[in-house]
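Subject: Structure handover

Hello,

Here is the structure for your files. Please open it first, then read my notes below.

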Amino acid sequence: MGCMVKFRFSLPVFLLLSVAVVFFSASGAHAWSKEGHVMTCRIAQSLLDPAASEVVRHLLPEYVDGDLSALCTWPDQIRHWYKYRWSSPLHFIDTPDDACSFNYARDCHDPHGVENMCVAGAVQNYTSQLMHYKEGSSDRRYNMTEALIFLSHFMGDVHQPMHVGFSSDEGGNTINLRWYRHKSNLHHVWDREIILTAEKELYDNDMDSFQEDIQNNFTHGAWSDDLASWTACDDLLTCPTKWAEESINLACKWGYKGVTAGETLAEEYFNSRFSIVTKRIAQGGVRLSMILNKVFGHQDHHYQQVMATT
Ligand SMILES: [Zn+2]
């Protein structure tokens, strides 16, 4: 991935980004909704130990005032820019139709066959860049900022089951159907429809209480016993493969299963898939914090503390 471009988050550039956000937001094809990414990053940031938290604050541009989630959708906004077009294949993985498996050597490449250009490769790449943070000069800080933001975004994407989907239907993008009463496609159902329906119907459009519920599930709810297994990772550079395998398995078992193009998906699909979507957001956030605590801070103690104090 030698095409990393140095990028300074200066104010004029940010203004330019804002314009681009408005311009491109209608076209976002492969992405957890804004809400999915924001919740993933907020969960992660809430679980950082003090040392990691300090480094993250230091790397973020001043205008976000220490809020990582403010930039977590940035990679979706710039992927269509000429300068960042190289980053487009990093948001997903195409696997062979109906294989229901991910094989890094077989599947992690861009459409031209360039190796490592997929979301698992991107998580690996940006994690390994951040591992060198402590050796960096102040000039390298800008690359580190970009690496942090890309990592935070791609940890969300690698957990969205349909981001590791079948090649011929582009992860469900070409499976057109209806979500309740409007037109959508299977990829979008997992990116945003389920999340937005939940936010509206169950949380009265309040994303904070939605996120609180997700967090309660792993602090003292149904998933609290699973936290140790979610964060089990001996080698940060091979774990993304495991997380992508989980995604394609879920895509087969819950995403594609029983779905026919042209049909209407509604309550039944929502009710049976909602907890999978929230669990993937939780896992993405918890694991992002695990990576950041390992590379920047003093991990290993922190999760026990979270569990002990809640
Ligand atoms: Zn994305």
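Start with a helix pair. In this predicted model, helix 9 (residues 207–219) packs against helix 12 (residues 267–296) at an angle of about 70 degrees. Their axes are 10 Å apart. The 65 to 115 degree range counts as roughly perpendicular, so helix 9 and helix 12 are roughly perpendicular to each other. Helix 9 brings I214, N217 and F218 to the contact. Helix 12 brings T278, I281, A282 and V286. By class, five of the contact residues are nonpolar and two are polar. None is charged.

Three strands form an open sheet in the order 4-3-5, with mixed pairing. Which strands stand at the edges? Strand 4 (182–185) and strand 5 (264–265) do. Each has a single partner strand, so one side of each is left without a neighbour in the sheet. Strand 3 (residues 176–179) pairs with strand 4 in the antiparallel sense, over four bridges. In that pairing, W179 stands opposite H182 of strand 4. Helix 8 (residues 186–203) packs on the sheet and touches strand 3, strand 4 and strand 5. The direction of helix 8 makes about 100 degrees with that of strand 4.

The loop between strand 3 and strand 4 holds Y180. Check its backbone: phi of Y180 is near 50 degrees, a positive value in a residue other than glycine. The exposed class stops at 12 or fewer.

Now helix 8 itself. Helix 8 bends by about 40 degrees at R192. R192 is also one of the buried residues of helix 8. The buried set runs L186, H187, H188, V189, W190, D191, R192, E193, I194, I195 and E199.

Just after helix 8 comes D204, with a positive phi of about 50 degrees. D204 is a residue other than glycine too. Where does D204 sit? In the loop between helix 8 and helix 9. D204 has 9 other C-beta atoms within 10 Å, so D204 is exposed.

Regards

Key: Residues are numbered from 1 along each chain as its sequence is written. This is a predicted model: local features need pLDDT of at least 70, side-chain atom pairs count only at pLDDT 80 or more; totals for chains, interfaces and linings use all residues. Axes are lines fitted to C-alpha atoms, for helices over the stretch in contact, and angles run from 0 to 180 degrees between N-to-C directions. Helices (H or I, at least four residues) and strands (E, at least two) are DSSP runs, numbered from the N terminus. Angles under 35 degrees count as roughly parallel, over 145 as roughly antiparallel, 65 to 115 as roughly perpendicular and the rest as oblique. Two residues are in contact if their C-beta atoms, placed from the backbone, lie within 7 Å. Ala, Val, Leu, Ile, Met, Phe, Trp, Tyr, Cys and Pro count as nonpolar, Asp, Glu, Lys and Arg as charged, and the others, Gly among them, as polar. Two strands pair if DSSP finds at least two bridges between them. A residue is buried if 20 or more other C-beta atoms lie within 10 Å of its own, exposed if 12 or fewer, and partly exposed in between; C-beta atoms are placed from the backbone. The bend at a residue is the angle between axes fitted to the seven residues ending there and the seven starting there.
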